[in-house]
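User: I would like to go through this model in questions and answers.

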Amino acid sequence: MVGPSPRTYETLAREVVVPACEARAVEVHAGQILQLVDLEGQQVGDLIAYRLSDPSEVFSAGHTVSALTRMVPGIGDELFSNHRRPLFRILHDDVGSHDLIVPCCDPERYSRDYGVHGHGSCLASLEAAVAASGRDWPVRGETAWNVFMNNRHEDGRIVTYEPPHQAGATIDLAVLDDLLVVLSACPQDLSPCNAYDPTSMALRVWEPEGE
């Protein structure tokens, strides 16, 4: 993939490890670089984001698809809010496979499709992480971005395959607004989504060179 190496970033302002099957939140500010890291390989992360100045404005997968007029974002693309405001720009991407169509997994997904009750879900993890940050902001699963998810569109169907990427894979985002970002290390272990073995991720916040 084309893009600046993570090693060109000068100052690591913060690192937050996201344990497998859990979520964590971090504040980021315009001008910083947010790096999403798969620490162990073949892991999908579900990301949501809120504008700190107006948490009713959130990252929107649907509005991003509409603005880009394509289903998989690439390097140089911006990612948009529900008011079509750009919140991120993709700087570097080791993987190139990300899903903007499927909502994050929720308890109903596991009970309806797998007959499993009480299974962890990205929705529950994201809600817990937002609450742990001291906010009571609502979480809507359809706004999430499934980072590193290897979904393919075949004959009008969405088919999920195991992610091929290895440990240390990253996607680096230029932050364009002041945001609360929340990332779930997806707990899906009943489909190929995470190669049937959920693992940990990390959020790294960098200051660009010269800051």
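**Surroundings of selected side chains**

Met 71 lies in the loop between α1 and β6 (78-80); helices (H or I, at least four residues) and strands (E, at least two) are DSSP runs, numbered from the N terminus. The model is predicted, so local features need pLDDT of at least 70 and side-chain atom pairs pLDDT 80 or more, while totals for chains, interfaces and linings use all residues. Residues are numbered from 1 along each chain as its sequence is written, and side-chain values use heavy atoms, leaving out hydrogens and water.

User: Why is Met 71 classed as partly exposed?

Analyst: Buried means under 20% relative accessible area and exposed over 50%, with partly exposed in between (1.4 Å probe, protein chains only). Met 71 is partly exposed because its relative accessible area is 37%.

User: Which residues is Met 71 in contact with, leaving aside its neighbours within four places in sequence?

Analyst: Contact means heavy atoms within 4.5 Å. With those neighbours left aside, the contacts of Met 71 are Val 65, His 98, Leu 100, Ile 101 and His 153.

User: Asp 99 has no salt bridge; how far away is the nearest side chain of opposite charge?

Analyst: Asp 99 is in the loop between β7 (86-93) and α2 (107-114), and is buried. A salt bridge needs a side-chain nitrogen of Lys or Arg within 4 Å of a carboxyl oxygen of Asp or Glu. Lys and Arg count as positive and Asp and Glu as negative, with His and the chain ends not counted. The nearest side chain of opposite charge to Asp 99 is Arg 152, at 9.6 Å.

User: Which side chain is joined to that of Asp 99 by a polar contact of 2.8 Å?

Analyst: A polar contact is a pair of N or O atoms within 3.5 Å; within protein, one must be able to donate a hydrogen and the other to accept it, and residues adjacent in sequence count only if both atoms are side-chain atoms. A polar atom of the Asp 99 side chain lies 3.1 Å from the backbone nitrogen of Ile 101. The side chain joined at 2.8 Å is that of Asn 146.

User: Why is the pair of Phe 59 and Trp 145 called tilted?

Analyst: Rings of Phe, Tyr and Trp (its six-membered ring) pair if their centres lie within 6.5 Å; planes under 30 degrees apart count as stacked, over 60 as edge-to-face and the rest as tilted. Phe 59 and Trp 145 are both buried. Their ring centres are 6.2 Å apart, and the pair is tilted because the planes are at 40 degrees.
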